[in-house]
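Trainee: Could you take me through this model? I would like to start with the overall fold and then move on to the details.

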Protein chains: 2
Amino acid sequence: MEHLGKHLIIEFWGCNDGINDADLMRTAMIEAVHAAHATLLDINVHTFSPHGVTGVAVLSESHLSVHSWPEYGYLAADVFTCGETTDPPAAVEVLRQYFQPSVVELQNIQRGIDPETSKRPKRRNWTQQIHEMESITAGTN
Amino acid sequence: MEHLGKHLIIEFWGCNDGINDADLMRTAMIEAVHAAHATLLDINVHTFSPHGVTGVAVLSESHLSVHSWPEYGYLAADVFTCGETTDPPAAVEVLRQYFQPSVVELQNIQRGIDPETSKRPKRRNWTQQIHEMESITAGTN
């Protein structure tokens, strides 16, 4: 196997006010899932006070999540799919049509690349990794 | 602001059989959320035939997801948190204790870095990006 899943990390800036509308977010997410040829199992959308929406769709092929910061016009999304028939960029395009960001940044991460067969260095030292991670994440918000 | 969220991408290989146990996965996820000082809003866990478990927890601070391929001993997880009080590496440690992977790979992605103030090149050409993404993701599973 080459890899097991595709994980798109999606950054939208300059979005319209729709990112603060939970009903619209739910509609956009369902349409995005269908566009990606994925199968929806569950969807939860929450609104926050004073603003912000979080939505997570559980898929047969993994998940789609969205988290909005309307005060910055920012939407963080990710779509994780497995299988040969899914089209995750199509989900991004649906979200883009709904929320009209002026800036889009994408990152594609291949998930499930077997470390025994890949050419990447093996990183077995969990303790070192977690210490690096803590130094990276500490106090950075 | 420096960034709005922390997104840990987690690869576990060589896991025990617990990654195929939906009840255990739910328990581990809830414990991981608490360890990370996050607040659980919803959790959905699904089992697949013949094997595999997907779980997604919606948090006040974003989400935690897990997707397992027991046939490879592989668990893909991610934890996305915002706020200064969360501790996402603690969630990873809980999952590691439950599923005992022999190999752990982590990637830390800072989410919501304002493109107007960051030193990163601005990537406004959505059409080019989506074409790059399609060429990357096409036929790679």
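Mentor: Chain A has three helices and six strands, where helices (H or I, at least four residues) and strands (E, at least two) are DSSP runs numbered from the N terminus. This is a predicted model, in which local features need pLDDT of at least 70, side-chain atom pairs count only at pLDDT 80 or more, and totals for chains, interfaces and linings use all residues. Residues are numbered from 1 along each chain as its sequence is written, while chains are lettered from A and ligands numbered from 1 in the order in which they are written.

Trainee: In what pattern does chain A run along the sequence?

Mentor: The pattern is β-α-β-β-β-β-α-β-α.

Trainee: And what are the confidence scores?

Mentor: The average pLDDT of chain A is 89, and 83% of the residues score at least 70; pLDDT is the predictor's confidence in each residue, from 0 to 100. For the model, ipTM is 0.87 and pTM is 0.88.

Trainee: What percentage of chain A is buried?

Mentor: Of the 141 residues in chain A, 42% are buried. A residue is buried if 20 or more other C-beta atoms lie within 10 Å of its own, exposed if 12 or fewer, and partly exposed in between, with C-beta atoms placed from the backbone.

Trainee: Now the helices. How do α1(A) and α2(A) pack?

Mentor: Helix α1 (residues 22-35) of chain A and helix α2 (residues 88-99) of chain A cross at roughly 150°, and their axes come within 7 Å. Axes are lines fitted to C-alpha atoms, for helices over the stretch in contact, and angles run from 0 to 180 degrees between N-to-C directions. The two helices, α1(A) and α2(A), are therefore roughly antiparallel to each other, a label for angles over 145 degrees, with under 35 roughly parallel, 65 to 115 roughly perpendicular and the rest oblique.

Trainee: Which residues meet there?

Mentor: From α1(A), they include Leu24(A), Ala28(A) and Val33(A), and from α2(A) they include Ala90(A), Val94(A) and Tyr98(A). Residues are in contact if their C-beta atoms, placed from the backbone, lie within 7 Å.

Trainee: What about the helices in chain B?

Mentor: Helix α1 (residues 22-35) of chain B and helix α2 (residues 88-99) of chain B pack at an angle of about 150°, with axes 7 Å apart. Accordingly, α1(B) and α2(B) are roughly antiparallel to each other.

Trainee: Changing topic: where is Thr54(A), and is it buried or exposed?

Mentor: Thr54(A) lies in strand β3 (residues 53-59) of chain A. Thr54(A) is buried because 26 other C-beta atoms lie within 10 Å.

Trainee: What does Thr54(A) touch, leaving aside neighbours within four places in sequence?

Mentor: Thr54(A) is in contact with His46(A) and His67(A), and with Val58(B) and Ser62(B) of chain B.

Trainee: What is the backbone like at Ser62(B)?

Mentor: Ser62(B) is not a glycine, yet its phi is positive, at about 130°. Most residues other than glycine have a negative phi, and most peptide bonds are trans. Ser62(B) is found in strand β4 (residues 62-69) of chain B and is buried, with 27 other C-beta atoms within 10 Å.

Trainee: And which peptide bond is cis in chain A?

Mentor: The bond from Ser49(A) to Pro50(A) is cis, with omega near 5°. Pro50(A) lies in the loop between β2 (40-47) and β3 of chain A. In chain B, a cis peptide bond joins Ser49(B) and Pro50(B), with omega about 5°.

Conventions. Two residues are in contact if their C-beta atoms, placed from the backbone, lie within 7 Å.
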